[in-house]
Amino acid sequence: MGKAPKKRNLADKVRKTKTSTEIKNNPFEVKINRKKFDILGRKTKHDVGLPGVSRSKAINKRKETLLKEYKQKNKSNKFIDRRFGEYDTKMAPEDKILQRFAMERQRVHEKKDAYNLNEEEELTHYGQSLAEMEKFNDIVNSDDESEEKGLLSAELTASHFGGGGAGGLLRKKTPGDQQQEEEGSQRAKSRQELIEELIQKSKQEKRERQVQREEAQELTEKLDQDWRSIQALMVKKTPKAEQATKQEEKPKLDEYDMMVRELGFEMKAQPSEKMKTPEELAREETEKLQKLEADRLRRMMGDEVRDSPQSQIHMSADDLNDGFILDKDDKKTLSYQDGKWNIGEESEGDGDEDGEEGESDEEDESEAEEQDDEEEEEEGDGEEGDGEEEGSEEEDGHSDLDSEQESEDEERKQEEKETSAKPKKTLSKEEMKAQQEAAKAELPYTFTVPESCSDLKDLLHGHTPDNQRLIVARTQKCNHPSLAVGNKLKLQKLFGFLLEYIGELATRTPPELPTIDKLIPELYALCQMFPEAACKAMQSILGDAAHSMEEVLEVKGHAAFPALDMLIYLKVTALLFPTSDFRHPVTTPALLYMSQALTKCPVRSLQDVTSGLVLCCLAMEYVSFSKRFLPELINFLAGTLHLAVQDKTSLGYTVVPPFRPSGKNSDLLVLSDSESCKSWSKKALPLSATQHLELKNDLDRDQYRLICLSTCLDLVKQCCLLYKDLTSFLHIFQPIRTLLSKHLSVHTLPEPLQELHSEILEAISSAPVTHIRLVFEKKKPIPLKLLTPKIVEVLDYGKKRGSTREEREKERLKHKYKKEFKGALREIRKDSRFLAREKLNEVMSRDAERKRKVKELFGSLATQEGEWKALKRKKRK
């Protein structure tokens, strides 16, 4: 009865262990992170989710690495490639092959030939020496030899090589053969006699073959002669009539064939002249200006102007160029006049005059070519000058003016052209004086670079806009950076001086806008030559203007609109630098400055309205290519239209600063008399009005208000066309649409403004509604800011915290070293235990094998002993 419970307990234990293993090895709870590659020596974290699997993986890794090394220990049965450079990865395969070949040749080379410099290396081909092959010792076949090479007679083959038949010398003769030979001949022939007979037969055959060959050759020659004699008789000559018909019967050429033949006869393209480098062009321009300046100085001193060099004397193709010259007295001109030969002396004088006239004509042609070139340059300058009009907002850009141009005075060219056409003559004193005065009044051709802005002003003072541009252009050409070392720095400074001079021209009363327009191409040329210096100069101007505006805003809270010089600088920035870039070091600050001015500068007069509209025009020019949205531009235009609204009691839109819904300066564009619209004509907004505006009576004020309103509507129309692809187009232009449709009275405005009004409303209403208005998401209210707790970085918990950074780093490294050291010891112990276990397994397997063999031996001996005893018992019986 006591043993039954024990059995039940054992069964329960077995059942519990089974369930525990099943639960522990549940496949749905095991997490395995697979690897793409197995890298030896790398520790991987979280390989599997069960502890036993990680241990088995570690054992498998040791079996693949440590166990293999242990089994291969003290073993040398490895194949090692000991060829030269086999394990050198730095050498190329070709270098390895060449080095191996050289080492092999050195090894083969005998010691006796080490110091023999005269003997060359013997070259072989298929085992035969090339030197022996070149001696031409090949046996030449004579005419007596057989043409049938490689074919031997049956008798010769049988006699020499034991062929079949009775004549075989090497064949063993049978008794039957001997009896036949005895019957056929009384005495058997000896071996020597048989060989002689064979030799005679072979010679006879050769002689016969030679005779046959000679006979065949004679017959061939005879046939050739007979053929030549009858060949002429066999040729048939066709008559001329048949030949003509055959030519007519030839097919005509197709269009393609005719085109191919024409292309073959066409002239091929000729090589063009070599393009000159910018340095060569600059050197030529400088030399030309220096030559013209020397000519002007000679005319100022009263010296006679040297004409162009004489034309080259015509030389015949048969001229020997030996210096032989005939005297003029020996020359006689021959002419035919009135039906008779005229040999006279009168023609000599005529010939001289003709020669002089020919020379003068050639000089006139050379001078006329130079003058034509200068006239073309002046025409190009004139076209540039006509680009800008005072008061026009959309000025022509000069960003495409890359060539340097030069023009001369038309009156001086006309005089030179007239004088060059006349024959040479000495000038009188009055004419000489007039020439000197004209040379003094003429503009110099060479200039030095001014060292300061005041020097530049003195240099350009008193000159017309065209002459000022010429002075700057000639200064740039005479001091090109390729001509001298310091010219680059001088021209970089000249760019800054020109900017300062342009600003001064804009501040004068009235502003000299045509002069500024003439100088902009030269400013563009310098900017293309030195872009970095130009960028820094414009950045300094824009930075100073922005800082001054910020200072005024901090003190007063509002600032005045930029002056005309700053507006000119903004326009020059758009001409010199790209405005379509997403971010640019010059145009981006300029755009920000304009946006700040449109937002922070209050509108208090018509002059401020003019400045704001000019800024809007510049901003429109900046974003015309990139189509960047400027909310300041739209807000200012909406505020400007608000200034023209009469009834401001009930507004359906919001007025954004710097404008006010109502007040003192909110009716700047409201007309005082509706009759003033009748005499109004559309004009451009004058730039000079940003600096000084004089309006004498109410009619002039109304006329100017209409000009401002027309400019504003034009800008609104351009903005509609520019931003029509925006998703929030209707939302942006909704205030302007409400203002134009409900609050701005159109009937009192002129017809051009009414047309603009209708076009704007049509453009806004025709925009498709494809997107929903953007609305901010509803979020939880942001909690109040509390005191932020001080967070201290703790690297090692339980250690000191008041130490320095170096000490903390040192402690961290020590901790890491101890951790790695412990891990290494742990791995070494595991490896040693693994190796000890493997060694013990080897010893136990060897002992088990030895025991098995001993047991087998003992078993075999026992069987032998039993057999021996059984035999012994049998013998006893």
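Student: In which helix is the place of Glu 221?

Tutor: This is a predicted model. Glu 221 belongs to a surface patch of negative charge, together with Glu 214, Glu 215, Glu 218, Asp 224 and Asp 226. The helix that holds Glu 221 spans residues 191-234, and its label is H8.

Student: Is Glu 221 buried, partly exposed or exposed?

Tutor: Buried requires under 20% relative accessible area and exposed requires over 50%. Glu 221 has a relative accessible area of 45%, so the class is partly exposed.

Student: What is the relative accessible area of Arg 829?

Tutor: Arg 829 is one of the residues of the positive patch and lies in helix H27. Arg 829 is classed as partly exposed because its relative accessible area is 47%.

Student: Is Thr 640 buried or exposed?

Tutor: Thr 640 sits in helix H23, which covers residues 631-642. Thr 640 has 1% relative accessibility, so it counts as buried.

Student: Which residues is Thr 640 in contact with, leaving aside its neighbours within four places in sequence?

Tutor: Contact here means heavy atoms within 4.5 Å. With the neighbours within four places in sequence set aside, the contacts of Thr 640 are Val 609, Leu 613, Phe 659, Leu 669 and Cys 712.

Key
Residues are numbered from 1 along each chain as its sequence is written. This is a predicted model: local features need pLDDT of at least 70, side-chain atom pairs count only at pLDDT 80 or more; totals for chains, interfaces and linings use all residues. Side-chain values use heavy atoms; hydrogens and water are left out. Patches are made of residues with over 30% relative accessible area and no salt bridge: like charges are joined within 9 Å, nonpolar side chains (Val, Leu, Ile, Met, Phe, Trp, Tyr) within 5 Å. Accessible areas come from the Shrake-Rupley method with a 1.4 Å probe; for residues, only the protein chains shown count as cover. A salt bridge is a side-chain nitrogen of Lys or Arg within 4 Å of a carboxyl oxygen of Asp or Glu. Lys and Arg count as positive and Asp and Glu as negative; His and the chain ends are not counted. The place of a charge is taken as NZ of Lys, CZ of Arg, CG of Asp or CD of Glu. Helices (H or I, at least four residues) and strands (E, at least two) are DSSP runs, numbered from the N terminus. Buried means under 20% relative accessible area, exposed over 50%, partly exposed in between (1.4 Å probe, protein chains only).
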